[in-house]
Amino acid sequence: MPDADSDISIGDPRTLLRRGTGGGYAEVDFVGVSGRRYRARWEANRARDKASGKLQNSRQSLIDLDSDQLLASQKTEYKTQLELALGLNFEQFTRAVLLAQSEFSAFLKANDNERSELLENSPTPRSIPSSAVARSTRPKRPRTPTNSCKTRPPA
């Protein structure tokens with residue numbers, strides 16, 4: 001396990017800790033596909049919560065806020081329970097977040113099956129005006145160049 005902040009990779013959840021801190025966490029409350037409220041939490045700390053302590057393993061937890069029940073505290077069960085609550089796996093969730101953050105080009109580059117799967121599993125249904133659907137499904141017609149200069153009859 002790395003001792004220094006510089007030895008941990010950017011994907012490591014322990015990057016939540018700022019230099020000089022002994023512990024920290026990130027949590028988010030959300031409504032799952034079932035309509036229930038959940039809280040997902042990641043924690044990271046150093047030994048004895050001292051800034052000079054050795055980095056400890058990160059911890060995750062998932063709580064059902066409606067029943068005040070701890071659903072998961074181990075990494076494997078956390079991942080499984082979180083996917084069930086969200087209705088999306090990590091890759092699908094990432095794509096949905098990128099799409100929501102105007103990374104529309106990633107959505108457009110996906111093949112038809114991936115786009116369809118992403119939209120079907122979207123945690124919040126979106127209503128698309130029928131005119132937009134009609135525009136996207138109708139075959140493209142070749143455009144005819146228009147003459148921008150009009151001729152006037154001689155006076």
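This briefing walks through a nonpolar core and a set of salt bridges. The model is predicted, so local features need pLDDT of at least 70 and side-chain atom pairs count only at pLDDT 80 or more, while totals for chains, interfaces and linings use all residues. Residues are numbered from 1 along each chain as its sequence is written, and side-chain values use heavy atoms, with hydrogens and water left out.

**The nonpolar core**

- In soluble globular proteins, nonpolar side chains tend to be buried together.
- The largest nonpolar core here has 9 residues: Phe 30, Tyr 38, Ala 40, Leu 62, Ala 72, Tyr 78, Leu 82, Ala 85 and Leu 86.
- Such a core is a set of buried Ala, Val, Leu, Ile, Met, Phe, Trp, Tyr and Cys residues joined through side-chain atoms within 4.5 Å, where buried means under 20% relative accessible area, exposed over 50% and partly exposed in between (1.4 Å probe, protein chains only).

**The salt bridges**

- Side chains of opposite charge can pair when their charged atoms come close.
- The whole structure holds 7 salt bridges, each a side-chain nitrogen of Lys or Arg within 4 Å of a carboxyl oxygen of Asp or Glu.
- Arg 41 pairs with Glu 27, their closest N and O atoms being 2.9 Å apart.
- Arg 41 also forms a salt bridge with Glu 43, at 3.3 Å between the closest N and O atoms.
- Arg 39 bridges to Asp 29, with 2.6 Å between the closest N and O atoms.
- Arg 39 is partly exposed at 26% relative accessibility, and Asp 29 is partly exposed at 44%.
- Through shared partners, salt bridges join Glu 27, Asp 29, Arg 39, Arg 41, Glu 43 and Arg 59 into one network.
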